[in-house]
Amino acid sequence: MRAWTRAVPATVGALVLALALTGCNDSGSGKKSHGGSSSGSSGSRSDAKAKDEKKTYRLGEASPEQESAKQASDGAKFTVTPTKVETGTKADMDNSGLKKDDEKDGAKIPVYVWSTLTHKSGKPMELGDMDDDLVVRTDKGQRTRALIVIMGEAKWPNCPATDRSKQMNPGQSAEVCTAFLIPEGQKAAAVEVTRGWYKEPLEWPVAS
């Protein structure tokens with residue numbers, strides 16, 4: 001986890017956190033785990049179904065319905081549709097207003113992911129809950145979660161900050177842009193939606 005501060009005249013700047021995922025699956029998504037495996041033919045059918053499940057999609061293609069595990073919206077269902085991915089520049093980083101606290105992890109550049117979030121059914125959900133499991137995977141295999149701004153906000157060209165607390169009801173959709181930071185010199189290879197420990201992530205490859 002890396003700490004960033006926003007370079008502003010005020011004494012209290014913006015704190016931004018970026019979490020890099022080191023494993024193949026998400027270790028902190030908050031997703032529900034769904035029981036252990038059963039023996040016999042039922043276990044075999046379950047394994048076969050998981051093997052045959054579609055996991056790779058094209059940009060612009062919606063995910064299967066995902067289920068919220070947040071207490072306030074438990075059981076609500078929604079879809080995520082990554083539509084466009086662009087890699088930013090060092091100039092974007094320099095002009096963002098963020099100032100690194102340390103250099104040990106090397107220089108970073110932003111990646112912008114545009115997505116459509118659609119609330120399908122159940123309790124109202126916040127926008128921030130619907131894209132909480134988005135991850136960018138680089139061509140070097142590094143997985144990184146979106147930036148989280150604790151105080152203040154970073155500024156990115158053509159990628160406005162999202163009101164993550166906005167409530168969405170069934171049938172409503174929203175277009176959002178999410179910023180990620182990856183090591184300079186690497187490229188975004190795919191957008192992923194993590195699904196907890198026991199399911200492989202869904203992925204949307206990015207054309208090189």
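My notes on the sheet follow, strand by strand.

**Entry 1, the sheet.** I am working with a predicted model. I looked up the strand order first: four strands form an open sheet, running β4-β5-β7-β13. The pairing I found there is antiparallel.

**Entry 2, the edges.** Which strands stand at the edges? I noted β4 (66-67) and β13 (173-183) there. Each has a single partner strand, so one side of each is left without a neighbour in the sheet.

Next I checked how many bridges join β5 to β7. I found ten, between residues 77-87 of β5 and residues 108-121 of β7, and the two strands run antiparallel. I wrote down two of the facing positions: V85 stands opposite V113 in β7, and E86 has Y112 of β7 as its bridge partner.

For Q66, I found F78 in β5 as the bridge partner.

Is E67 buried, exposed or partly exposed? I read a relative accessible area of 37%. Buried would need under 20% and exposed over 50%, so I logged E67 as partly exposed.

Last, I looked up E67 against S121. The pair is 54 residues apart in sequence, and I noted a C-alpha to C-alpha distance of 9.5 Å in space.

Conventions
Residues numbered from 1 in each chain as written. Predicted model: local features only at pLDDT ≥ 70, side-chain atom pairs only at ≥ 80, totals over all residues. Heavy atoms only, no water. Pairing = 2+ DSSP bridges. Buried < 20%, exposed > 50% of the residue type's maximum accessible area, 1.4 Å probe, protein only.
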